[in-house]
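Me: Please take a close look at one part of this structure, the charged side chains. Then set that part against the rest of the chain.

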Amino acid sequence: MNKKEGISFQIFAVILLIILGLLCLLPILHLVAKSFSETNAVIAGKVNFLPVGFQLDTYKLIADNAIFWRTFANSVFITVVGTLVSMTVTILAAYPLSKPYFRGRKFILLLYVFSMLFYGGTIPTYIIMQQLGLLNTLWAQIIPFIVVQLNLFILKTGFENIPEAIEESARMDGAGHFRILGQFYIPLALPTIVTVALFYAVNYWNGYYHAMLFVTDQSKKPLQLYLYEMITSAQASTQELGFEASMNLSSSGMQAAAIVLGMIPVVIIYLIAQKYLISGMTIGSVKG
């Protein structure tokens, strides 16, 4: 490829990526515009990507909605606790599996691959949660996601990319496995660890399927399930706000405002972890 062809390819790639980025961004812009637009414009379908008029009544009513904040708090608990538990288990599993001398390594990896390809099914999972007494609890929304096989493999590969000489030197100084893991492997694999933690956090925050199966108590529902119920039942979402509010504001605008507020934590997490994301995926996906 000559220089001219290389420049042409870069221009084409940049244009293509900009178009794809806009396609991903436009639905979000539409939601934001609808959440700030006047009710008449929303009902008439005049809102595209910029607000028509301006109002904050939808956000004020969401801020006064106790159910929204209760489900928001549930999602925060599920995300924080679930990510901490998942990262602890995943790190402790990935470290020994990254060692070629670990006995039973290939068989255990085969079990993980098999479980990734073949899922036991919804009914067996429900029966297990029922027998454990976890129905209508926040833990029922954490336990099924404690270990995601793909995240485990990414972290295992990240540990494998760390030079063996580091472990050998630490062993000569009398360090054990836990000290080697804590003082050397975790700091050196930090980009991969942050990336995997981000995957877990987003998965927990956006999860609603298991909550829909295992939770009927309104006080234990996560935010995403509450938003799902708002979207699928517009009448119910407006009735929660009272008669006067339902007359003055459209359910579509209320849904948009609630979804926008629900996206803010994920956006913040991405902004904080973005510097680790690319390097973590690169290190954790290709063994050097």
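Reply: Arg171 has a relative accessibility of 38% and therefore counts as partly exposed; buried means under 20% relative accessible area, exposed over 50%, and partly exposed in between, with a 1.4 Å probe and protein chains only. The model is predicted, so local features need pLDDT of at least 70 and side-chain atom pairs count only at pLDDT 80 or more, while totals for chains, interfaces and linings use all residues. Residues are numbered from 1 along each chain as its sequence is written, and side-chain values use heavy atoms, with hydrogens and water left out.

Arg171 makes a salt bridge to Glu167, with 3.4 Å between the closest N and O atoms; the term requires a side-chain nitrogen of Lys or Arg within 4 Å of a carboxyl oxygen of Asp or Glu. Both residues sit in helix α8, 4 residues apart, so about one helical turn separates them. Helices here are DSSP runs of H or I with at least four residues, strands are E runs of at least two, and both are numbered from the N terminus.

Glu167 also pairs with Lys99, at 2.7 Å from N to O. This second pair connects distant parts of the chain, since Lys99 is in the loop between α4 and α5 (105-117) while Glu167 belongs to α8 (residues 164-172), 68 residues away. Lys99 is buried because its relative accessibility is 5%, and Glu167 is buried at 7%.

Another salt bridge joins the side chains of Arg105 and Glu160, 2.8 Å from N to O. Arg105 is in helix α5 and Glu160 in helix α7 (residues 149-160), so this pair ties together parts 55 residues apart in sequence. Arg105 is buried at a relative accessible area of 17%, and Glu160 is buried at 15%. In total the structure holds 6 salt bridges.

Lys34 lies in helix α1 and counts as buried, because its relative accessibility is 17%. Leaving out residues up to four places away in sequence, Lys34 touches Val42, Val47, Ser252, Gly253 and Ala256; contact means heavy atoms within 4.5 Å.

Ile11 is one of the residues in a nonpolar surface patch whose members, including Ile7, Phe9, Phe12 and Leu23, have about 990 Å² of accessible area together. Patch residues have over 30% relative accessible area and no salt bridge; like charges are joined within 9 Å, and nonpolar side chains (Val, Leu, Ile, Met, Phe, Trp, Tyr) within 5 Å.

As for helix packing, the axes of α4 (residues 66-97) and α9 (residues 177-188) come within 12 Å and cross at roughly 100°. That makes α4 roughly perpendicular to α9. Ile91, Leu92 and Tyr95 of α4 meet a set of α9 residues, among them Phe178, Leu181 and Tyr185. Axes are lines fitted to C-alpha atoms, for helices over the stretch in contact, with angles from 0 to 180 degrees between N-to-C directions; under 35 degrees is roughly parallel, over 145 roughly antiparallel, 65 to 115 roughly perpendicular, and the rest oblique.

Overall, the protein has 15 helices and 0 strands, and 39% of its 288 residues are buried.

Definitions and conventions: Accessible areas come from the Shrake-Rupley method with a 1.4 Å probe; for residues, only the protein chains shown count as cover.
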